[in-house]
Amino acid sequence: MKKLSMILLALVGYMLTSAAQEATYKIIAEADTTVKTRAGSVTLYSRPVRRYVYEYTSKDADGKPATISGVIMIPSEVASGEAPCDGIMLFNRATLGSPDDAPSTGNTQLLNGLIANPLKPNYILVMSDFIGYGSSIDYPSFYHSGDVNARNSLDGLLAARQLLDDNGISQGKYLFNLGFSQGGSESLYVAKLRDMEYKDKGVTFTKTFAGGGPTDYAIAYREYVNKDWCEDCKDVIMMMISCVENCHMNIDYKDLFKEPLASGAKEYVKTKKKSTLSDYGVSMEDSLHNLIQPAYMDLESEQAKAFIAKLEEINLMNGWEPDLEQRYFIEHSRHDNYVPIQCVRAIIPWMRDKGFTPSIVPGKTNLQTNTLVFKLDHTLSAIVWLIQTVAAIEVWPVMYYEGEQNHYYHDIVKDMNLLKVVKTLESWGINIRKMVNDNNSRSLEDVIVEGIADGSLDPNGSIAQLRAPFRASVLDLIPGAADLLAKVDLTTDDAMEMLEDSGITLMDMLEVFAYIMSPASSPQVEGDVLSTLEERVEAPLYLMRYYENTLANWFLMGGFDVQYNNWGM
Amino acid sequence: MFMRNLYLLLAVMLGGVASASTEENERFSITTLNVDGLPQKILVVKVNADGPGDVGSARIGKYLMKKGNDLLFLQEDFNYHGVMVPFLEDDYKMDEWTGNVGLDGHSIDFLHLQNHRFPCDGLMAFWKNDLTVTPAERTAWKQNFGKFSHAMDEMVTKGFRRYEVTLRNGARIVVYNMHMDASDDYDTNIGNDMKDKEARMAQWMQLKENILAQLDNRPVIVLGDLNSLYKRDDVKRQFIDAIGETGLATVSDVFIEMEKGGKYPEYEAGAQVKNRELDILEGETLCKILYINPVNGTSIRPVSYSMDKDGYQYDGKPLGDHYPLTAVFEVTSRTVGISAALSVQGDNKEAVYDLSGRKVSKPRGGLYIERHGEKVEKHIVK
């Protein structure tokens, strides 16, 4: 018995050591300091934090152990135990212009400084440098190259949890996974790796907030080539170089790029600085054909096809069986000038096919999508994403209690659809039906009958499947609608796609058309929606709007000339 | 674990036992009422839109004054305390009011609302000027459920208050006034109030431990908005019977005793019963008055019980969302000159307290009732 006990003890000891080994860390620096949220050279907000720079073990692209660095920022009140911790934000950083910008260097910009905002979220921020930066500077960087950074992020999370435990710092109840731009894409790779591997290591996200991400590299490449343009050509070049290097494509840069870039590509791989690309003649405003060889600008060429095939190999959706219990918010501006909207247009239907039901309404389903943002470039849409994400995370402990959605809010959103939105607008004095009926001589029935007859409307299909002329003629039913769209640089096709991606069904749309074309004097179908909402709306919804407006005002005060309510929620 | 290690040692000192008092049979009236005093609105959020508000609360104060019962125990005495009290000031002394629910006088961190809890408990007591009541001991519940939903119990500091009352002829009783965790109708209707029930039952257990730890020869009245119904909450077995089984005291619900012939509704696990109706299950409401008579101690018995549906209204509508319950008790036997002591003994600790709660040395001798878990032993120490 004694021997057996000894063996058991030894086994337990071994298991504990093994478990601990998975989450070992080394603290490189620890300081009580101030984190500053910056936009360019302007400090928008600052907040005292306990900051750890730490190293942990993850893997490189070949699956070999690699030491990665990262940073943990804990609001001072949480670190000292004065304020309860609400949870952890696993933040996946955006593109770096230089190794000097790596999170562990202390450089915080608008996005990764997000715990320093006027809402003072009592969340802990955990952020990896990703391989190729900080302690792993000797490794190549993986810019849009698949799962490597995601693994770095998740291993960093496990190590951070251990570090927090060892230092007696509460981790709270909630765990959010988020990022914008490159970080938006990485956050979805993190979600994928969580579902496929790290779920068994105890990682369960409360929600993933992915904004502005190039979620499909192949599509992004095609779009860049087709348009011969990106707001910053350097990002396209960086993506191509990373793919060549990390996917072992064995392409000579002289075949891929024109001079002087071709000669400078290897130098960029070494320095990882955008400025190196500038040194070799790449300017933001370039047309891509000035930089990329014709073979790679011709999507029908064998070279381009091979390149795209490699990008498709590392596609986010490959090998991902998503856990439908996990929640997502995916946002993208229609007019994103860095990352084409088509990237996200690919992943939303894929997630729908996997069993998610997209909805623009927060908390209605596990896949909240917002592609109704328009007229905003990449940077400004980052602010919209930041406002909506930070407000949602801040209000989460109010909106959810012991894992259950607040039922006052649940009652509002469970039946929310486009028609109710229209009715709410009406109750605010915007008499849409009157506008339509005063200026229209055709009936919806006529348009539907014609659409079915000419095959441009499939009543069992989706909005995306609508074809001309139905698309145009149904829009013509609303006087001024086409002009309105033109004013905001949207085509009819844009509008239809935005509706579709935001979870609005064809039936929703036709229901609204039927309603707004009914006589304005007829009684409303379901009473006074506003009164109903007033009766039912409780603290959580007011609070969420209050938080969003607080953040929006903060950005306005910070010099961002934008009007939040016009950005399209 | 606490109960396992708890020794309840009731010492009735043999030399102190005297004859029953000739001053017994004093009667006193006692009322419990949830005055529905949450604010109708906080900022834009409707909290208690159909509550009595200022005007209705003044009517409640006037009602209580007219009734003139000896002891009044209130719950949800939050925002309209000021309009209710003037009607009671002349005839009653009162307990400490712990404040309102709302923005007045409170610093609320709207950025972390989940951490906010109003310090008030909403409990209040009034007693006739010729009665003596010691300041209340206030205890918060250890377990609650619901912050922005599930009846929002955690938004205030719910709990109980314990009072030691000396009646006009010197007989002494103990009263516990409380507000327990509520089940929201929304959750009840969909069978989602299990955790509310769990919290409530944990509160009953906390209450039981507190009562037993301080039980002496004084009878105890437990009243308030207990948010409990015998059909859905296992109060009968886990509180009433459990205390009875200690051999230390007997417990009875006045309503059940006087109006149901002592027959408690059967507990049904998972039973879904709505809260909202003021008269819920054949007269049984969420509010209750229970009394506990210690063995060999002073005892009381109810001589009347009423739920005043007719009087507690204005213009045909109830003044609040609970009806007042009133019981008249009679002191039926009284121990005089009896010294009782209670010993709470842990693994390595022993402490003995007198009736005033002061720590004393071990009782010299007497009849002891010791409890070891479920086992009860009686023996005499000379």
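Analyst: Helix α6 (residues 233-246) of chain A and helix α8 (residues 261-271) of chain A cross at roughly 70°, and their axes come within 11 Å. Helices are DSSP runs of H or I, at least four residues, numbered from the N terminus. Axes are lines fitted to C-alpha atoms over the stretch in contact, with angles from 0 to 180 degrees between N-to-C directions. From α6(A), the contact (heavy atoms within 4.5 Å) uses A:I237, A:M238, A:I241 and A:E245. From α8(A) come A:L261, A:A265, A:K266, A:Y268 and A:V269. Seven of these residues are nonpolar, none polar and two charged (nonpolar: Ala, Val, Leu, Ile, Met, Phe, Trp, Tyr, Cys and Pro; charged: Asp, Glu, Lys and Arg; polar: the others, Gly among them).

This is a predicted model: local features need pLDDT of at least 70, side-chain atom pairs pLDDT 80 or more, while totals for chains, interfaces and linings use all residues. Residues count from 1 along each chain as written, chains are lettered from A and ligands numbered from 1 in written order, and side-chain values use heavy atoms, without hydrogens or water.

Now a second pair. Helix α5 (residues 217-227) of chain A packs against helix α12 (residues 341-354) of chain A at about 150°, axes 8 Å apart. A:I219, A:A220 and A:E223 of α5(A) meet A:Q342, A:C343 and A:A346 of α12(A). That contact has four nonpolar residues, one polar and one charged.

Next, one residue's neighbours. Leaving out residues up to four places away in sequence, A:Y221 touches A:M239, A:M240, A:Y296, A:L299, A:A304, A:F307, A:I308 and A:L311.

Note on methods. Helix = DSSP H or I, 4+ residues; strand = E, 2+ residues; numbered from the N terminus.
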